[in-house]
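Have the viewer open and follow along.

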Amino acid sequence: MKKRTLSLLLLVSLLGAVLTGCGGGSTEETPEEGAAANAITVGIAQDLDSSLDPHKTVKAGTREVMFNVFEGLMKPTPEGDLIPAVAENYTISDDETVYTFTIREGVKFHNGDTVDADDVVYSLERCIDPQEADIVPVDGFAIIDSVTAADEKTVVITLTEPSNEFVSYLTTAVIPADYDQQDTAPVGTGPFQFVSRTAQDSVVLEKFDGYWGTPAYLDTVTFKIIENADSLLMSLQSGAIDLCAHLTSTQTAQLGDEFQILEGTMNLVQALYLNNAVAPFDNELVRQALCYAVDRQQILDLAFDGYGALIGSSMYPAFAKYFDDSLTDYYTYDPDKAVELLAQAGYPNGFDMTITVPSNYQPHMDTATVLVEQLKAVGINATIEPIEWESWVADVYTGRQFQSTVVGVDASNMTARALLERFTSDYDRNFINYNNADYDALFQQAIACYDDAEQTALYKQMERNLTEHAANVYIQDLADLVALRTGLEGLQFYPIYVLDLSTVRYAQ
(Lines give C-alpha, C1' and ligand atoms only; values in the text may rest on other atoms or scores of the structure.)
Protein backbone atom coordinates (compact mmCIF):
# COMPACT_ATOMS: atom_id res chain seq x y z
CA MET A 1 0.00 0.00 0.00
CA LYS A 2 1.20 3.46 -0.86
CA LYS A 3 2.69 5.26 2.12
CA ARG A 4 2.84 8.83 0.80
CA THR A 5 0.87 11.26 2.94
CA LEU A 6 0.00 14.89 2.48
CA SER A 7 1.14 17.34 5.13
CA LEU A 8 -1.24 19.89 6.53
CA LEU A 9 1.15 22.63 5.44
CA LEU A 10 0.84 21.53 1.81
CA LEU A 11 -2.92 21.63 2.08
CA VAL A 12 -2.73 25.11 3.57
CA SER A 13 -0.57 26.33 0.74
CA LEU A 14 -2.64 24.73 -2.01
CA LEU A 15 -6.12 25.19 -0.63
CA GLY A 16 -5.88 27.61 2.24
CA ALA A 17 -7.58 25.05 4.44
CA VAL A 18 -6.61 22.26 6.79
CA LEU A 19 -8.06 18.78 6.37
CA THR A 20 -8.37 17.42 9.87
CA GLY A 21 -8.05 13.91 11.23
CA CYS A 22 -10.25 11.37 13.01
CA GLY A 23 -10.68 10.81 16.84
CA GLY A 24 -12.12 8.74 19.87
CA GLY A 25 -13.05 7.98 23.46
CA SER A 26 -11.13 6.03 26.04
CA THR A 27 -11.27 2.86 28.11
CA GLU A 28 -8.95 1.43 30.74
CA GLU A 29 -8.42 -1.83 28.88
CA THR A 30 -5.05 -2.42 27.25
CA PRO A 31 -4.59 -4.43 24.04
CA GLU A 32 -3.04 -7.23 26.10
CA GLU A 33 -6.07 -7.35 28.38
CA GLY A 34 -8.34 -7.35 25.32
CA ALA A 35 -6.44 -10.29 23.88
CA ALA A 36 -6.70 -12.19 27.16
CA ALA A 37 -10.43 -11.58 27.23
CA ASN A 38 -10.71 -12.40 23.50
CA ALA A 39 -12.50 -9.11 23.01
CA ILE A 40 -12.02 -6.03 20.87
CA THR A 41 -13.31 -2.47 20.75
CA VAL A 42 -14.34 -1.04 17.39
CA GLY A 43 -14.55 2.70 16.81
CA ILE A 44 -17.54 3.97 14.82
CA ALA A 45 -18.39 7.56 13.91
CA GLN A 46 -22.15 7.57 14.46
CA ASP A 47 -24.81 6.18 16.74
CA LEU A 48 -27.19 3.59 15.36
CA ASP A 49 -30.85 4.10 14.51
CA SER A 50 -33.07 4.77 17.52
CA SER A 51 -34.71 1.40 16.85
CA LEU A 52 -32.51 -1.66 16.34
CA ASP A 53 -35.33 -3.57 14.67
CA PRO A 54 -33.72 -4.63 11.35
CA HIS A 55 -36.91 -3.91 9.42
CA LYS A 56 -36.85 -0.28 10.61
CA THR A 57 -33.21 0.44 9.83
CA VAL A 58 -32.50 3.59 7.82
CA LYS A 59 -28.81 4.25 8.40
CA ALA A 60 -26.09 2.40 6.53
CA GLY A 61 -24.05 2.53 9.73
CA THR A 62 -26.70 0.53 11.57
CA ARG A 63 -26.75 -2.14 8.85
CA GLU A 64 -22.95 -2.23 8.97
CA VAL A 65 -22.94 -3.15 12.67
CA MET A 66 -26.06 -5.31 12.82
CA PHE A 67 -24.89 -7.45 9.90
CA ASN A 68 -23.27 -9.46 12.69
CA VAL A 69 -26.59 -10.05 14.45
CA PHE A 70 -29.11 -10.71 11.67
CA GLU A 71 -29.39 -13.05 8.70
CA GLY A 72 -31.97 -13.72 6.04
CA LEU A 73 -32.87 -16.79 4.07
CA MET A 74 -29.80 -15.81 2.02
CA LYS A 75 -26.64 -13.88 2.86
CA PRO A 76 -23.83 -12.27 0.83
CA THR A 77 -20.23 -13.45 0.73
CA PRO A 78 -17.06 -11.35 0.43
CA GLU A 79 -16.82 -12.54 -3.18
CA GLY A 80 -20.20 -11.01 -4.00
CA ASP A 81 -22.16 -14.25 -4.16
CA LEU A 82 -25.42 -15.06 -2.40
CA ILE A 83 -25.54 -18.27 -0.39
CA PRO A 84 -28.24 -19.91 1.75
CA ALA A 85 -28.22 -18.89 5.41
CA VAL A 86 -31.41 -19.52 7.40
CA ALA A 87 -32.50 -21.48 4.34
CA GLU A 88 -30.63 -24.68 3.52
CA ASN A 89 -31.70 -24.70 -0.12
CA TYR A 90 -34.46 -23.58 -2.48
CA THR A 91 -36.06 -24.48 -5.78
CA ILE A 92 -37.71 -22.32 -8.45
CA SER A 93 -40.71 -23.40 -10.52
CA ASP A 94 -40.47 -23.73 -14.30
CA ASP A 95 -42.38 -20.48 -14.79
CA GLU A 96 -39.97 -18.80 -12.32
CA THR A 97 -42.73 -17.43 -10.09
CA VAL A 98 -42.75 -19.95 -7.21
CA TYR A 99 -39.80 -20.20 -4.81
CA THR A 100 -39.78 -23.05 -2.31
CA PHE A 101 -37.33 -22.70 0.60
CA THR A 102 -36.32 -25.41 3.03
CA ILE A 103 -35.36 -24.04 6.46
CA ARG A 104 -31.99 -25.22 7.70
CA GLU A 105 -32.14 -27.71 10.57
CA GLY A 106 -31.07 -26.45 13.96
CA VAL A 107 -31.03 -22.70 13.29
CA LYS A 108 -31.58 -20.95 16.60
CA PHE A 109 -32.60 -17.42 17.44
CA HIS A 110 -30.52 -15.70 20.08
CA ASN A 111 -33.33 -16.23 22.61
CA GLY A 112 -32.93 -20.00 22.17
CA ASP A 113 -36.02 -20.61 20.03
CA THR A 114 -35.70 -22.70 16.89
CA VAL A 115 -36.46 -20.96 13.59
CA ASP A 116 -39.48 -22.36 11.79
CA ALA A 117 -41.47 -21.49 8.69
CA ASP A 118 -43.89 -19.26 10.61
CA ASP A 119 -41.00 -17.00 11.62
CA VAL A 120 -39.93 -16.64 8.00
CA VAL A 121 -43.48 -15.94 6.84
CA TYR A 122 -43.86 -13.31 9.56
CA SER A 123 -40.55 -11.65 8.69
CA LEU A 124 -41.28 -11.40 4.97
CA GLU A 125 -44.93 -10.35 5.29
CA ARG A 126 -43.90 -7.64 7.73
CA CYS A 127 -41.84 -5.99 4.96
CA ILE A 128 -44.25 -6.41 2.04
CA ASP A 129 -46.97 -4.01 3.10
CA PRO A 130 -45.98 -2.74 6.56
CA GLN A 131 -48.76 -2.39 9.08
CA GLU A 132 -46.42 -1.27 11.88
CA ALA A 133 -45.02 2.23 12.21
CA ASP A 134 -41.53 2.91 10.87
CA ILE A 135 -41.05 -0.41 9.09
CA VAL A 136 -39.27 0.19 5.79
CA PRO A 137 -40.89 -1.81 2.97
CA VAL A 138 -38.52 -3.92 0.90
CA ASP A 139 -38.79 -2.64 -2.67
CA GLY A 140 -38.27 -6.04 -4.27
CA PHE A 141 -41.15 -7.54 -2.28
CA ALA A 142 -43.79 -5.59 -4.22
CA ILE A 143 -44.12 -8.52 -6.62
CA ILE A 144 -44.84 -11.08 -3.87
CA ASP A 145 -48.34 -12.48 -4.26
CA SER A 146 -48.24 -14.76 -1.23
CA VAL A 147 -45.94 -16.27 1.40
CA THR A 148 -47.09 -19.50 3.04
CA ALA A 149 -45.73 -22.14 5.38
CA ALA A 150 -46.22 -25.49 3.65
CA ASP A 151 -44.99 -27.20 6.82
CA GLU A 152 -42.75 -26.39 9.76
CA LYS A 153 -39.60 -26.30 7.61
CA THR A 154 -40.92 -25.24 4.19
CA VAL A 155 -41.82 -21.76 2.96
CA VAL A 156 -43.42 -21.13 -0.43
CA ILE A 157 -43.18 -17.65 -1.97
CA THR A 158 -45.34 -16.96 -5.02
CA LEU A 159 -44.59 -13.96 -7.22
CA THR A 160 -46.92 -12.09 -9.56
CA GLU A 161 -44.17 -12.10 -12.20
CA PRO A 162 -40.64 -13.49 -12.64
CA SER A 163 -37.71 -11.47 -11.32
CA ASN A 164 -34.03 -12.29 -11.65
CA GLU A 165 -33.28 -9.96 -8.72
CA PHE A 166 -35.73 -11.42 -6.22
CA VAL A 167 -33.29 -13.68 -4.35
CA SER A 168 -31.08 -10.66 -3.62
CA TYR A 169 -33.82 -9.23 -1.43
CA LEU A 170 -34.02 -12.38 0.68
CA THR A 171 -31.11 -11.14 2.77
CA THR A 172 -33.92 -9.39 4.70
CA ALA A 173 -33.55 -10.38 8.35
CA VAL A 174 -35.50 -13.34 9.70
CA ILE A 175 -36.73 -12.57 13.21
CA PRO A 176 -38.97 -14.45 15.67
CA ALA A 177 -42.70 -14.05 15.10
CA ASP A 178 -43.63 -13.98 18.77
CA TYR A 179 -41.06 -11.48 20.02
CA ASP A 180 -41.91 -7.81 20.55
CA GLN A 181 -38.67 -6.28 21.87
CA GLN A 182 -36.74 -5.87 18.60
CA ASP A 183 -36.52 -2.10 19.01
CA THR A 184 -34.42 -2.25 22.17
CA ALA A 185 -33.23 -5.86 22.54
CA PRO A 186 -32.92 -7.25 19.00
CA VAL A 187 -32.88 -11.00 18.39
CA GLY A 188 -31.58 -12.58 15.20
CA THR A 189 -29.73 -15.70 14.06
CA GLY A 190 -26.25 -14.29 13.34
CA PRO A 191 -22.85 -15.24 14.78
CA PHE A 192 -23.08 -12.47 17.40
CA GLN A 193 -25.95 -11.65 19.74
CA PHE A 194 -26.93 -8.28 21.15
CA VAL A 195 -25.97 -7.61 24.78
CA SER A 196 -26.50 -3.92 25.49
CA ARG A 197 -26.68 -0.43 24.13
CA THR A 198 -25.83 2.92 25.68
CA ALA A 199 -27.13 5.70 23.45
CA GLN A 200 -24.41 7.92 22.00
CA ASP A 201 -21.79 5.76 23.70
CA SER A 202 -21.59 2.08 22.80
CA VAL A 203 -23.16 -1.14 21.56
CA VAL A 204 -21.97 -4.50 22.92
CA LEU A 205 -22.26 -7.83 21.10
CA GLU A 206 -21.10 -11.26 22.20
CA LYS A 207 -20.46 -14.54 20.45
CA PHE A 208 -23.60 -16.66 20.00
CA ASP A 209 -22.66 -20.18 21.05
CA GLY A 210 -25.73 -21.65 19.35
CA TYR A 211 -24.85 -20.30 15.89
CA TRP A 212 -25.64 -22.79 13.12
CA GLY A 213 -22.59 -21.93 10.99
CA THR A 214 -18.89 -21.33 11.55
CA PRO A 215 -18.71 -19.73 15.00
CA ALA A 216 -17.18 -16.32 15.60
CA TYR A 217 -13.64 -16.28 17.00
CA LEU A 218 -14.10 -13.29 19.31
CA ASP A 219 -16.12 -13.55 22.51
CA THR A 220 -17.09 -9.89 22.79
CA VAL A 221 -17.16 -6.89 20.47
CA THR A 222 -17.81 -3.39 21.79
CA PHE A 223 -18.66 -0.70 19.25
CA LYS A 224 -17.57 2.62 20.73
CA ILE A 225 -19.40 5.62 19.26
CA ILE A 226 -17.00 8.54 18.82
CA GLU A 227 -18.35 11.25 16.55
CA ASN A 228 -15.47 13.67 16.99
CA ALA A 229 -12.72 12.91 14.48
CA ASP A 230 -9.82 14.06 16.66
CA SER A 231 -11.09 12.05 19.62
CA LEU A 232 -11.33 8.89 17.51
CA LEU A 233 -7.73 9.20 16.37
CA MET A 234 -6.59 9.79 19.95
CA SER A 235 -8.43 6.64 21.04
CA LEU A 236 -6.62 4.62 18.40
CA GLN A 237 -3.29 6.08 19.43
CA SER A 238 -3.94 5.45 23.13
CA GLY A 239 -4.86 1.80 22.59
CA ALA A 240 -8.51 2.20 23.54
CA ILE A 241 -9.66 1.19 20.04
CA ASP A 242 -8.57 -2.00 18.29
CA LEU A 243 -10.28 -1.57 14.92
CA CYS A 244 -11.61 1.41 13.02
CA ALA A 245 -12.82 1.53 9.41
CA HIS A 246 -13.41 4.42 7.01
CA LEU A 247 -10.28 6.38 7.93
CA THR A 248 -8.48 8.85 5.69
CA SER A 249 -4.83 8.51 4.67
CA THR A 250 -4.01 11.54 6.82
CA GLN A 251 -5.45 9.73 9.82
CA THR A 252 -3.74 6.41 9.17
CA ALA A 253 -0.39 8.18 8.69
CA GLN A 254 -0.56 9.20 12.34
CA LEU A 255 -0.74 5.62 13.56
CA GLY A 256 2.38 3.66 14.42
CA ASP A 257 3.45 0.05 14.07
CA GLU A 258 0.82 -1.06 16.56
CA PHE A 259 -1.68 -1.01 13.67
CA GLN A 260 -1.92 -2.67 10.29
CA ILE A 261 -3.63 -0.57 7.62
CA LEU A 262 -5.89 -2.62 5.34
CA GLU A 263 -7.25 -1.19 2.12
CA GLY A 264 -10.58 -1.97 0.52
CA THR A 265 -13.38 0.14 -0.88
CA MET A 266 -16.33 1.62 1.00
CA ASN A 267 -18.83 0.59 -1.69
CA LEU A 268 -20.39 4.03 -1.62
CA VAL A 269 -21.22 6.60 -4.26
CA GLN A 270 -19.68 9.76 -2.88
CA ALA A 271 -20.96 12.85 -4.66
CA LEU A 272 -21.86 16.47 -4.25
CA TYR A 273 -25.57 15.71 -4.12
CA LEU A 274 -27.71 18.55 -5.45
CA ASN A 275 -31.29 19.39 -4.55
CA ASN A 276 -32.76 19.44 -8.05
CA ALA A 277 -35.89 21.22 -6.84
CA VAL A 278 -34.07 24.23 -5.35
CA ALA A 279 -32.51 27.16 -7.23
CA PRO A 280 -30.01 27.31 -8.77
CA PHE A 281 -29.77 23.52 -9.02
CA ASP A 282 -33.18 23.22 -10.63
CA ASN A 283 -31.31 24.43 -13.74
CA GLU A 284 -29.56 21.61 -15.60
CA LEU A 285 -26.96 23.99 -17.07
CA VAL A 286 -25.91 24.97 -13.56
CA ARG A 287 -25.56 21.35 -12.51
CA GLN A 288 -23.50 20.59 -15.61
CA ALA A 289 -21.33 23.64 -14.91
CA LEU A 290 -20.50 22.23 -11.47
CA CYS A 291 -19.51 18.93 -13.06
CA TYR A 292 -16.99 20.73 -15.27
CA ALA A 293 -15.78 22.93 -12.40
CA VAL A 294 -14.77 20.01 -10.17
CA ASP A 295 -11.39 18.33 -10.55
CA ARG A 296 -12.12 14.93 -9.04
CA GLN A 297 -8.57 13.64 -9.37
CA GLN A 298 -7.31 16.62 -7.41
CA ILE A 299 -9.80 15.77 -4.67
CA LEU A 300 -8.35 12.26 -4.47
CA ASP A 301 -4.76 13.55 -4.57
CA LEU A 302 -5.14 16.33 -2.01
CA ALA A 303 -7.61 14.85 0.43
CA PHE A 304 -6.96 11.12 0.07
CA ASP A 305 -3.35 10.75 -1.10
CA GLY A 306 -4.60 9.34 -4.39
CA TYR A 307 -6.70 6.58 -2.82
CA GLY A 308 -10.22 6.02 -4.14
CA ALA A 309 -11.85 5.12 -7.46
CA LEU A 310 -13.31 7.84 -9.68
CA ILE A 311 -16.92 7.35 -10.73
CA GLY A 312 -19.24 9.20 -13.09
CA SER A 313 -22.70 8.05 -12.03
CA SER A 314 -24.62 6.35 -9.23
CA MET A 315 -22.83 3.00 -9.43
CA TYR A 316 -19.56 1.86 -7.89
CA PRO A 317 -16.95 -0.50 -9.42
CA ALA A 318 -17.58 -3.47 -7.11
CA PHE A 319 -20.91 -3.93 -8.91
CA ALA A 320 -18.86 -4.82 -11.97
CA LYS A 321 -21.73 -6.09 -14.09
CA TYR A 322 -23.57 -2.79 -13.80
CA PHE A 323 -20.67 -0.34 -13.60
CA ASP A 324 -20.26 1.73 -16.78
CA ASP A 325 -16.69 2.98 -16.80
CA SER A 326 -17.33 5.04 -19.94
CA LEU A 327 -19.23 7.51 -17.72
CA THR A 328 -16.25 8.08 -15.43
CA ASP A 329 -14.78 10.76 -17.70
CA TYR A 330 -18.03 12.05 -19.18
CA TYR A 331 -17.25 15.43 -17.62
CA THR A 332 -13.60 16.42 -17.83
CA TYR A 333 -12.20 19.20 -15.69
CA ASP A 334 -12.86 22.35 -17.73
CA PRO A 335 -13.37 25.54 -15.69
CA ASP A 336 -13.76 27.64 -18.85
CA LYS A 337 -16.66 25.43 -19.95
CA ALA A 338 -18.15 25.77 -16.46
CA VAL A 339 -18.03 29.57 -16.66
CA GLU A 340 -19.62 29.46 -20.12
CA LEU A 341 -22.50 27.27 -18.92
CA LEU A 342 -23.06 29.46 -15.86
CA ALA A 343 -23.39 32.50 -18.12
CA GLN A 344 -25.89 30.64 -20.32
CA ALA A 345 -27.86 29.73 -17.22
CA GLY A 346 -28.06 33.37 -16.17
CA TYR A 347 -25.27 33.36 -13.58
CA PRO A 348 -22.36 35.19 -15.28
CA ASN A 349 -21.03 36.26 -11.89
CA GLY A 350 -21.60 32.94 -10.20
CA PHE A 351 -23.67 32.56 -7.03
CA ASP A 352 -23.52 31.63 -3.36
CA MET A 353 -24.30 28.09 -2.21
CA THR A 354 -24.22 25.99 0.95
CA ILE A 355 -22.74 22.50 1.22
CA THR A 356 -24.29 20.72 4.20
CA VAL A 357 -21.98 17.98 5.48
CA PRO A 358 -22.32 15.45 8.32
CA SER A 359 -19.44 16.60 10.51
CA ASN A 360 -18.67 13.16 11.97
CA TYR A 361 -17.58 11.84 8.56
CA GLN A 362 -14.11 13.23 7.99
CA PRO A 363 -13.79 12.02 4.36
CA HIS A 364 -16.89 14.02 3.40
CA MET A 365 -15.67 17.08 5.28
CA ASP A 366 -12.30 16.82 3.54
CA THR A 367 -13.95 16.48 0.13
CA ALA A 368 -16.13 19.52 0.79
CA THR A 369 -13.06 21.56 1.78
CA VAL A 370 -11.43 20.92 -1.61
CA LEU A 371 -14.71 21.56 -3.45
CA VAL A 372 -15.01 25.03 -1.89
CA GLU A 373 -11.65 26.06 -3.36
CA GLN A 374 -12.35 24.55 -6.78
CA LEU A 375 -15.77 26.19 -7.11
CA LYS A 376 -14.28 29.53 -6.13
CA ALA A 377 -12.28 29.46 -9.37
CA VAL A 378 -15.48 29.69 -11.47
CA GLY A 379 -17.15 32.37 -9.36
CA ILE A 380 -19.17 30.11 -7.06
CA ASN A 381 -18.91 31.02 -3.39
CA ALA A 382 -19.56 27.79 -1.48
CA THR A 383 -19.85 27.64 2.31
CA ILE A 384 -19.62 24.43 4.32
CA GLU A 385 -22.34 23.90 6.91
CA PRO A 386 -21.21 21.08 9.23
CA ILE A 387 -24.09 19.44 11.08
CA GLU A 388 -24.48 16.44 13.36
CA TRP A 389 -25.44 13.16 11.76
CA GLU A 390 -28.90 12.99 13.31
CA SER A 391 -29.62 16.49 11.99
CA TRP A 392 -28.38 15.49 8.55
CA VAL A 393 -30.76 12.52 8.47
CA ALA A 394 -33.71 14.64 9.64
CA ASP A 395 -33.08 17.82 7.64
CA VAL A 396 -31.33 16.66 4.48
CA TYR A 397 -32.24 13.03 3.88
CA THR A 398 -35.78 13.05 5.24
CA GLY A 399 -36.75 16.72 5.15
CA ARG A 400 -34.93 17.60 1.89
CA GLN A 401 -34.15 21.02 3.35
CA PHE A 402 -30.78 21.68 1.74
CA GLN A 403 -29.06 23.05 -1.35
CA SER A 404 -26.22 20.56 -1.67
CA THR A 405 -24.49 17.96 0.47
CA VAL A 406 -21.43 15.73 0.34
CA VAL A 407 -22.19 12.22 1.49
CA GLY A 408 -21.90 8.61 0.36
CA VAL A 409 -24.90 6.55 -0.75
CA ASP A 410 -24.77 2.77 -0.37
CA ALA A 411 -26.71 -0.24 -1.63
CA SER A 412 -28.73 -2.14 0.96
CA ASN A 413 -28.33 -5.32 -1.09
CA MET A 414 -26.38 -6.50 -4.12
CA THR A 415 -28.64 -5.15 -6.84
CA ALA A 416 -28.40 -2.21 -9.23
CA ARG A 417 -31.94 -1.36 -8.22
CA ALA A 418 -30.77 -0.64 -4.67
CA LEU A 419 -28.65 2.26 -5.96
CA LEU A 420 -30.82 3.55 -8.80
CA GLU A 421 -34.45 3.34 -7.68
CA ARG A 422 -33.87 6.11 -5.14
CA PHE A 423 -33.80 8.71 -7.95
CA THR A 424 -37.19 7.84 -9.46
CA SER A 425 -39.55 10.78 -9.11
CA ASP A 426 -42.09 9.16 -6.77
CA TYR A 427 -39.63 7.33 -4.51
CA ASP A 428 -39.94 8.40 -0.88
CA ARG A 429 -36.15 8.43 -0.38
CA ASN A 430 -35.38 10.49 -3.50
CA PHE A 431 -33.74 13.14 -1.34
CA ILE A 432 -32.31 15.11 -4.29
CA ASN A 433 -35.78 15.49 -5.87
CA TYR A 434 -34.62 14.20 -9.24
CA ASN A 435 -37.55 14.24 -11.65
CA ASN A 436 -37.01 12.83 -15.12
CA ALA A 437 -39.75 11.03 -17.05
CA ASP A 438 -37.28 9.07 -19.21
CA TYR A 439 -35.49 7.84 -16.09
CA ASP A 440 -38.77 6.71 -14.53
CA ALA A 441 -39.73 4.86 -17.71
CA LEU A 442 -36.37 3.08 -17.89
CA PHE A 443 -36.77 1.94 -14.30
CA GLN A 444 -40.21 0.48 -14.96
CA GLN A 445 -38.79 -1.42 -17.93
CA ALA A 446 -35.85 -2.67 -15.87
CA ILE A 447 -37.85 -4.11 -12.99
CA ALA A 448 -40.30 -5.75 -15.40
CA CYS A 449 -37.47 -7.39 -17.36
CA TYR A 450 -36.42 -10.96 -16.60
CA ASP A 451 -33.62 -11.26 -19.19
CA ASP A 452 -30.44 -10.47 -17.26
CA ALA A 453 -28.49 -8.93 -20.13
CA GLU A 454 -31.40 -6.74 -21.17
CA GLN A 455 -32.05 -5.64 -17.62
CA THR A 456 -28.37 -4.77 -17.11
CA ALA A 457 -28.45 -2.65 -20.27
CA LEU A 458 -31.50 -0.78 -18.98
CA TYR A 459 -29.81 -0.06 -15.65
CA LYS A 460 -26.80 1.29 -17.52
CA GLN A 461 -29.12 3.59 -19.48
CA MET A 462 -30.44 4.87 -16.16
CA GLU A 463 -26.89 5.60 -15.04
CA ARG A 464 -26.22 7.49 -18.28
CA ASN A 465 -29.40 9.50 -17.78
CA LEU A 466 -28.21 10.63 -14.34
CA THR A 467 -24.83 11.59 -15.78
CA GLU A 468 -26.06 13.41 -18.88
CA HIS A 469 -28.54 15.45 -16.89
CA ALA A 470 -25.98 16.06 -14.10
CA ALA A 471 -28.29 14.90 -11.34
CA ASN A 472 -25.30 15.21 -9.00
CA VAL A 473 -21.57 15.87 -9.18
CA TYR A 474 -20.22 12.33 -8.92
CA ILE A 475 -16.79 12.00 -7.34
CA GLN A 476 -15.60 8.63 -6.10
CA ASP A 477 -16.06 5.32 -4.39
CA LEU A 478 -13.99 6.06 -1.30
CA ALA A 479 -11.10 3.83 -0.38
CA ASP A 480 -11.80 2.07 2.88
CA LEU A 481 -8.69 2.33 5.03
CA VAL A 482 -9.10 0.16 8.11
CA ALA A 483 -6.81 0.31 11.11
CA LEU A 484 -6.53 -3.16 12.65
CA ARG A 485 -4.41 -3.66 15.75
CA THR A 486 -1.29 -5.72 15.12
CA GLY A 487 -1.96 -9.24 16.34
CA LEU A 488 -5.48 -9.31 14.94
CA GLU A 489 -6.25 -10.92 11.58
CA GLY A 490 -9.05 -12.27 9.39
CA LEU A 491 -10.96 -9.11 8.42
CA GLN A 492 -12.67 -9.48 5.03
CA PHE A 493 -14.07 -6.82 2.72
CA TYR A 494 -17.50 -7.17 1.11
CA PRO A 495 -18.95 -5.54 -2.04
CA ILE A 496 -21.61 -3.88 0.13
CA TYR A 497 -21.34 -1.64 3.19
CA VAL A 498 -21.00 -4.14 6.05
CA LEU A 499 -18.41 -4.96 8.72
CA ASP A 500 -18.26 -8.71 9.32
CA LEU A 501 -16.46 -9.40 12.60
CA SER A 502 -17.12 -13.14 12.70
CA THR A 503 -13.80 -13.90 10.97
CA VAL A 504 -11.66 -11.45 13.00
CA ARG A 505 -9.40 -13.16 15.52
CA TYR A 506 -6.20 -12.86 17.51
CA ALA A 507 -3.31 -14.52 15.69
CA GLN A 508 -2.04 -17.69 17.36
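A disulfide here is a pair of cysteine sulfur atoms within 2.5 Å. This is a predicted model, where local features need pLDDT of at least 70, side-chain atom pairs count only at pLDDT 80 or more, and totals for chains, interfaces and linings use all residues. Residues are numbered from 1 along each chain as its sequence is written, and side-chain values use heavy atoms, with hydrogens and water left out.

Searching the whole structure turns up zero disulfides. Cysteine 244 is buried at 1% relative accessible area (buried means under 20%, exposed over 50%, partly exposed in between, with a 1.4 Å probe and protein chains only). Cysteine 291 is buried too, at 8%.

Now the rings. Rings of Phe, Tyr and Trp (its six-membered ring) pair if their centres lie within 6.5 Å; planes under 30 degrees apart are stacked, over 60 edge-to-face, and the rest tilted. The whole structure has 20 aromatic pairs. Take tyrosine 90 and phenylalanine 101: their centres are 5.0 Å apart and their planes sit at 25°, so the pair is stacked. This pair links distant parts of the chain, with tyrosine 90 in strand S4 (residues 87–92) and phenylalanine 101 in strand S5 (residues 98–103), eleven residues apart. Strands are DSSP runs (E, at least two residues), as helices are (H or I, at least four), numbered from the N terminus. Tyrosine 90 is partly exposed at 30%, while phenylalanine 101 is buried at 0%.

Tryptophan 392 and phenylalanine 431 pair edge-to-face, 6.2 Å centre to centre with 65° between the planes.
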